[in-house]
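Good morning, everyone, and thank you for making time for this.

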Amino acid sequence: MTDPARQYRRVVNGRYRIRMLAFALACVPIGLHIWPRAYGLGIWALFVVQFLIYPHLLYWRSRTAKDPKRSEASNVIIDSVALGAWAAGLGFPLWISVGLFLTILVNHALTGGLQGILLGLMAFASGALASTALVAFHVSTDTDGLVTLFSIIALAVYLSLIGIESFRYAQQLHQVQSTLDRQKMTLEEANAALHNQIQKIDDLREKLREQANRDSLTGLFNRRYLEGTLERERARCRREGAPLTMLMIDVDHFKMVNDDYGHQAGDEVLRVLGKLLLENARTEDIVCRYGGEEFLLVLPKMPLDIALDRAAQLLKFVQETSVSYGEMRIRTTVSIGVATTPAHADSAEALLKCADKALYQAKARGRN
């Protein structure tokens, strides 16, 4: 983070150039004004200190201050008091006074806006009053042609250079703003890219989660997904006073299919059976490959009599389905065990055991 005091020292350097320029320009018409008049060495010594040495002293003061900003703000007030004193001390010569007055207004406007202008007016008036109290009030507004000319030239040069300085400052601000706009655009693009990357990561995470819950062969839910879902489904059905029914399905004589046609053919039989079960399932049903050649249908809110009809229908669909594998046509049958809550069990785990037991009874009675 940039130190504010160090950052403001750059402003102090700019103010130093402006102050040195202003006092250098002012010393010409003032010097020409006092030259033909019988002022003593004291006035000339004060003139040299004020217009040739004073700007460097204030610059040194601001550079060595702990708070350059506050120091430079007080310097501008000191400028106004000093110039007010010179205007009054010289008897308010018209063009010199106008030049000094406009100079302090411009300086205060640049540093403090409207409030700065009001402060400059008070400082200028304070300097004029102090000078009047010391040297007695007198007014001598006349200036000869050369002093008038140099006063106008000095004021024009000063205002022009202030305008150039302000233009440069505005250009710098524009460049800074352009840089900030480019950086903002870069950050927005980076932010958009980051959001896209996060979205891709979320999508990938979702795909990985989906893959972790899916059987790679059939695309059905796997046993892992079932373990995280079954008890939740049972609790939901219990709250709604509805049954939860399971169909445990096993391919008959699957070992013979592998032995006769090969394991790839057996895999094709499992894929076709999984697709058949999925096509005949409701939206709320859960179709899982439970393991090996076993499948499980979880049927929320399905009464036992309808589940038995559903099982009989599935037996028929499987028996009528021919699995194509190369030039071979493979036909299989399945055995199904049916269990439901609360008739056969109350918990999900006990219901699984009942469905598995019913499956083996079906196989023991001749399969299909």
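Which helix gives the most to the lining of the second largest pocket? Before I answer, please keep in mind that what you see is a predicted model. The helix is H4, which contributes five residues to that lining. The pocket itself has a volume of about 310 Å³, and among the 14 residues that line it, Ile43, Ala85, Gly89, Ser131 and Val135 are the closest to its centre. If we look for the elements that give two or more residues to this lining, we find helix H2, covering 41-64, helix H3, covering 68-89, and helix H4, covering 94-135. Sorted by class, the lining holds nine nonpolar and five polar residues, and no charged residues.

In general, nonpolar side chains in soluble globular proteins tend to be buried together. Here, the largest nonpolar core has 27 residues, and those with the most contacts inside it are Leu247, Ile249, Leu273, Leu277, Phe295, Leu297 and Ile336. Two or more residues come from each of strand E1 (244-251), helix H7 (254-261), helix H8 (263-279), strand E3 (294-300), helix H9 (304-320) and strand E6 (334-340), and the largest share, six residues, is given by H8.

How many of its seven residues are buried? The count is seven of seven, and E3 is therefore described as mostly covered. Glu294, Leu296, Val298 and Pro300 point one way from the strand, whereas Phe295, Leu297 and Leu299 point the other way, and the residues on both sides are buried.

What are the neighbours of E3 within the sheet? E1 and E3 run antiparallel and are joined by seven bridges, with Met248 standing opposite Leu296 of E3. Strand E2, residues 286-291, also runs antiparallel to E3, and five bridges join these two; here Arg289 stands opposite Phe295 of E3. E2 and E3 form a hairpin with two residues between the strands, and in this hairpin Gly292 takes a positive phi near 60°.

That is where I will stop, and I am happy to go back to any part of it.

Notes
Residues are numbered from 1 along each chain as its sequence is written. This is a predicted model: local features need pLDDT of at least 70, side-chain atom pairs count only at pLDDT 80 or more; totals for chains, interfaces and linings use all residues. Side-chain values use heavy atoms; hydrogens and water are left out. A nonpolar core is a set of buried Ala, Val, Leu, Ile, Met, Phe, Trp, Tyr and Cys residues joined through side-chain atoms within 4.5 Å. Buried means under 20% relative accessible area, exposed over 50%, partly exposed in between (1.4 Å probe, protein chains only). Helices (H or I, at least four residues) and strands (E, at least two) are DSSP runs, numbered from the N terminus. On a 1 Å grid over the protein atoms alone, a cavity is a set of points where a 1.4 Å probe fits but cannot get out, and a pocket is an open set with protein on both sides within 12 Å along at least five of seven lines; lining residues have an atom within 4 Å of a point. Grid points are joined across faces, edges and corners, and a volume is the space filled by probe spheres set on the points. Ala, Val, Leu, Ile, Met, Phe, Trp, Tyr, Cys and Pro count as nonpolar, Asp, Glu, Lys and Arg as charged, and the others, Gly among them, as polar. Two strands pair if DSSP finds at least two bridges between them.
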